[in-house]
Amino acid sequence: MGIGNLLLKDDGLGIHAIRRLEEMGVPPGVELIDGGTSGLDLLNDFGRAKKVVVIDAVKGGGEPGAIYRFSADEVHPDRMPLTSMHQLNLHEVLAVAKQTGDMPDKVIVIGVEPKAIEVDLELSPEVAAKLDRVCELVLQEIKG
Amino acid sequence: MSRIITVDPVNRIEGHLKIQVEVENGKVVNAWTSGTLFRGLENILRGRKSEDAVLITQRACGVCPIPYSVASSKAIEDAYGIEIPDNARVIRNLIQAFQFLNSHILHFYHLVALDYVDPAAVAEYKGSDPELLDLKSLIAAGDTAPFTPRWDNDFRLPTDLNILATKHYIDAIHIYKRCNEAIALLGGKFPHAVGIVPGGATVKVTPTLVTELVGYAKELKDFCDNTYVPDVLAIAPYYQDYGHIGVGPGNFLAYGMLEGADRDPYNSILPRGVIFDGDINNVQELDPAGFSEHVAYSYYEDGNPRHPSEGETQPNFTGVPADPRDGGKYSWLKAPRLNGKPMEVGPLARMLVRQDAGLLDLAAKLKIGPSVLARIAARALEAQLIADHIPEMIAELKPDGKVACAQYEPTSGRGVGLDEAPRGAIGHWIEAEGGRIANYQMIIPTTWNAGPRDAMGQPGPYEQALIGTEVKDPERPIELTRIIRSFDPCIACAVHVVDLEKEKIAAKFQVGC
């Protein structure tokens, strides 16, 4: 599941990755989801999956293009930004998913440090260069 | 003595919004609302194929993509002189209806109610509902997401009503998911549907689709009739003072939606019209030449107010004023005006323009005027009205009938698409040359409601709604967030970044390249 805003440069990484994966193809039983920025709208998809691999821009303090991998339960909700710019952040959506029985067995986040978040349909070169590696990691998660 | 209170960002809204108020003797005497992210979407569109606008503009909004696809398709159809078949009109009405129910239910239970309902009351729950018992154990363990952060200084409901509303918070999520499924059936996918296109729609109307929609319609009507509206009516009396707080400019604008077969927006289920100066029973026709967009206090190059069909988007960021009282530009939103007046848009505007008897009766019974409470009530009654009409919309569908016009030639022309988003009137203006976009301007609902002062210095609707409010606790100004949230803000530039910086352990998660 790629999430982010396609209009805002590196924030659109998740959507760009989903498009790349669509071209590459994924094994049967795997669904590629362009999740956009819709927060709770993603519950439907969380609810029918065993495992979800979320691809998103992640501000982890590394160099632009740095890749991160963590499972959703490795980051405590209290340490997440409480005043999300979005209606509800990923952790809040997952907290709701637990309440409604929509929680998959496993949620893995694969993220890339953004360079710039501004109005632009293209990724910055530093982030674009990591797209193949991100897709490779996603495919590993699918097999693993 | 006066002081400035800043709330930045206002949480549990879509997008990023800052509000600042000047408080003197416990009362707001001045207010400034700032959209803090630059929206340059119009510039991205220039030079692209006109049809791209339908897919690209949808991405501007995290919660209500469908109205963007409808407004942009209408603008393109207007520019090229395209007629859509009747089935397409009905499909658009239906997908909008489900989008509105999705958005209104989410707004009430998951964004607004938490200002009025205290889910912590579930700690005292003694029944056997498994979801409430789960929640009770979470709260006992100190895990209060997603109900936090919030200001808890003014909860007034009795424990049993708090518990009931919290139970409905969970029920509402199940219903909300059903709305999403219905939108996906009609639009191909959700979020960001692909099924609304210039010329019509792409979904094939089959008897199976009709049967499925009937099922969704029943479930949603049941929820509106037996849960959503009763909850609003049960909670309202405890906060009756909010029937006079957050009044706003008293000018209302609705473009209208859910058109009938005659395609007359003045004859729609929610009709087109305007109301000026608080004269709420005097509904007038909209003069489309009366639009102007002001940038005197917005981060754009100065110029005379322009009609959106001639609009420009030239950013000119002059810095955030150290003190808003010093004057100068302070928002990335433009200040749209109709006939020179700031206009409130949204469910209250639509239901007043409709002169909806249910809303007017309720307002008379509760002795309230345009206000926080009126907005929340209008939204609930509008959801119910829409749910009531869905079955007759479904009956209008013609299985196996045409859903799109024959192929058209993208040429040149100017067009406008006016429709409604859950948050209010949405307008797209296109100028096309040889099938490509020469200019594109949008005025979205939150720009109407949250826009800054205009060239005449008139504050925008949020600002007017804030001015005059008594603030009991300046450290926890819940009155202000209740006012803003009643409008259902959407700054329409949702950024979705997972922020690990606060963790300071990012290196732990970094993987090799």
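Predicted model: local features only at pLDDT ≥ 70, side-chain atom pairs only at ≥ 80, totals over all residues.
Strands here are DSSP runs (E, at least two residues), as are helices (H or I, at least four), and both are numbered from the N terminus; two strands pair if DSSP finds at least two bridges between them. Chain B's β1, β2 and β3 make up an open antiparallel sheet in the order β1-β2-β3. Its edges are β1 (2-7) and β3 (27-35), each of which pairs on one side only. Neighbouring strands of this sheet are turned by 15° against each other on average, direction ignored.

On to the helices of chain B. Helix α3 (residues 65-80) packs with helix α4 (residues 86-112) at about 155°, the axes being 9 Å apart. Axes are lines fitted to C-alpha atoms, for helices over the stretch in contact, and angles run from 0 to 180 degrees between N-to-C directions. α3(B) and α4(B) are therefore roughly antiparallel to each other; that label goes to angles over 145 degrees, with under 35 counted as roughly parallel, 65 to 115 as roughly perpendicular and the rest as oblique. Their crossing is left-handed, meaning that the near helix is turned anticlockwise from the far one by less than a right angle (clockwise would be right-handed). B:Ile66, B:Pro67 and B:Val70 of α3(B) make the contact with B:Arg92, B:Ile95, B:Gln96 and B:Gln99 of α4(B), where contact asks for C-beta atoms, placed from the backbone, within 7 Å.

α4(B) also packs with helix α6 (residues 159-187) of chain B, at about 160° and again with axes 9 Å apart. α4(B) and α6(B) are therefore roughly antiparallel too, and this crossing is left-handed. Among the residues that meet are B:Leu94, B:Phe98 and B:Tyr109 in α4(B) and B:Tyr169, B:Ile175 and B:Leu186 in α6(B).

Another open sheet in chain B has the order β10-β11-β12, with antiparallel pairing. Its edge strands are β10 (413-421) and β12 (436-443), and the twist averages 15° from one strand to the next. β11 (residues 424-433) and β12(B) share 7 bridges, and B:Ala432 has B:Ile437 as its bridge partner in β12(B). α3(B) packs on this sheet, touching β10 and β11, and its direction makes about 155° with that of β10(B).

Now for chain A. A:Val54 sits in strand β3 (residues 51-59) of chain A. With 23 C-beta neighbours inside 10 Å, A:Val54 counts as buried; the cut-off is 20 or more other C-beta atoms within 10 Å, with 12 or fewer for exposed and partly exposed in between. A:Val54 touches A:Met1, A:Ile3, A:Leu90, A:Val107 and A:Val109, leaving aside residues up to four places away in sequence.

Strand β4 (residues 67-71) of chain A pairs with β5 (residues 106-112) of chain A, antiparallel over 5 bridges, and A:Tyr68 stands opposite A:Gly111. β4(A) is also joined to β14 (residues 510-511) of chain B by 2 antiparallel bridges, with B:Gln510 as the partner of A:Tyr68.

Methods:
Residues numbered from 1 in each chain as written. Chains lettered and ligands numbered in written order. Contact = placed C-beta atoms within 7 Å.
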